[in-house]
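Thanks for coming. I have one structure to show today, and I will keep it short.

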Amino acid sequence: MPHTIAIVLPLVWLGWLVLTEWVPMYPLNDLAPGNLGARLLAASINYPLPLLIAAGVAFDHTWSRIGALAVCGLVLAGHLASWWLPYFGFSTAAQRELYRRDYARTLKILPTEGRDVVIDVQHLVVGALTLLMTGATAAVTMGA
């Protein structure tokens, strides 16, 4: 059962990204026509990652599980660098501009006052799924 969970979670993560990046659900997301190129670029970078993770766990060799866990680490680091560091004030001008352009109008539950970048609900779910995916992959990697 842990292997199944560790295979399914990256696919759920991917499904959430596809849903929120391509299906208009304002205010959960804000799919402005001007950000199609950025969404295509993000998709080309992000979408293969959960497939690699799921495949690494499914292949079920020590090296493939370690590789899957390493990819999880990259996904987690990317999420932290893209959302949590900027939320706590460590953002670049490019991150602030991307936020203003693509995410400023989306649904938020975290405090916004005094913040240049605030993690929206869409990306809070991505973060939670990332933690679950990483934990499940670590469990099968360490326990197998």
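I will go through a helix pair, then the nonpolar cores, then one aspartate.

Bear in mind that this is a predicted model.

First, the helix pair. α1 covers 2–22 and α2 covers 36–46. The two pack at an angle of about 175°, and their axes lie 11 Å apart. Angles over 145 degrees count as roughly antiparallel, so α1 is roughly antiparallel to α2. On the α1 side, the residues that meet α2 are Trp-13, Leu-17, Glu-21 and Trp-22. On the α2 side they are Leu-36, Arg-39, Leu-40, Ala-43 and Asn-46. Sorted by class, that contact has six nonpolar residues, one polar and two charged.

Next, the cores. The largest nonpolar core has 21 residues. Trp-13, Trp-16, Leu-17, Ile-53, Val-75 and Met-133 have the most contacts inside it. At least two residues of this core come from each of α1, α3 (48–59), α4 (62–87) and α6 (121–143). Take Met-133: beyond its neighbours within four places in sequence, it contacts Leu-9, Pro-10, Trp-13, Ile-53, Cys-72 and Val-75. There is also a second, separate core of seven residues, Trp-83, Tyr-87, Tyr-103 and Ile-119 among them.

Last, the aspartate. Asp-30 sits in the loop between α1 and α2. Is Asp-30 buried or exposed? Its relative accessibility is 12%, and the cut-off for buried is under 20%, so Asp-30 counts as buried. Its side chain makes a polar contact of 3.0 Å with the side chain of Arg-105. Not counting residues up to four places away in sequence, Asp-30 touches Asn-35, Asp-102, Arg-105 and Thr-106.

That is what I have; questions are welcome.

Definitions and conventions
Residues are numbered from 1 along each chain as its sequence is written. This is a predicted model: local features need pLDDT of at least 70, side-chain atom pairs count only at pLDDT 80 or more; totals for chains, interfaces and linings use all residues. Side-chain values use heavy atoms; hydrogens and water are left out. Helices (H or I, at least four residues) and strands (E, at least two) are DSSP runs, numbered from the N terminus. Buried means under 20% relative accessible area, exposed over 50%, partly exposed in between (1.4 Å probe, protein chains only). A polar contact is a pair of N or O atoms within 3.5 Å; within protein, one must be able to donate a hydrogen and the other to accept it, and residues adjacent in sequence count only if both atoms are side-chain atoms. Contact means heavy atoms within 4.5 Å. Axes are lines fitted to C-alpha atoms, for helices over the stretch in contact, and angles run from 0 to 180 degrees between N-to-C directions. Angles under 35 degrees count as roughly parallel, over 145 as roughly antiparallel, 65 to 115 as roughly perpendicular and the rest as oblique. Ala, Val, Leu, Ile, Met, Phe, Trp, Tyr, Cys and Pro count as nonpolar, Asp, Glu, Lys and Arg as charged, and the others, Gly among them, as polar. A nonpolar core is a set of buried Ala, Val, Leu, Ile, Met, Phe, Trp, Tyr and Cys residues joined through side-chain atoms within 4.5 Å.
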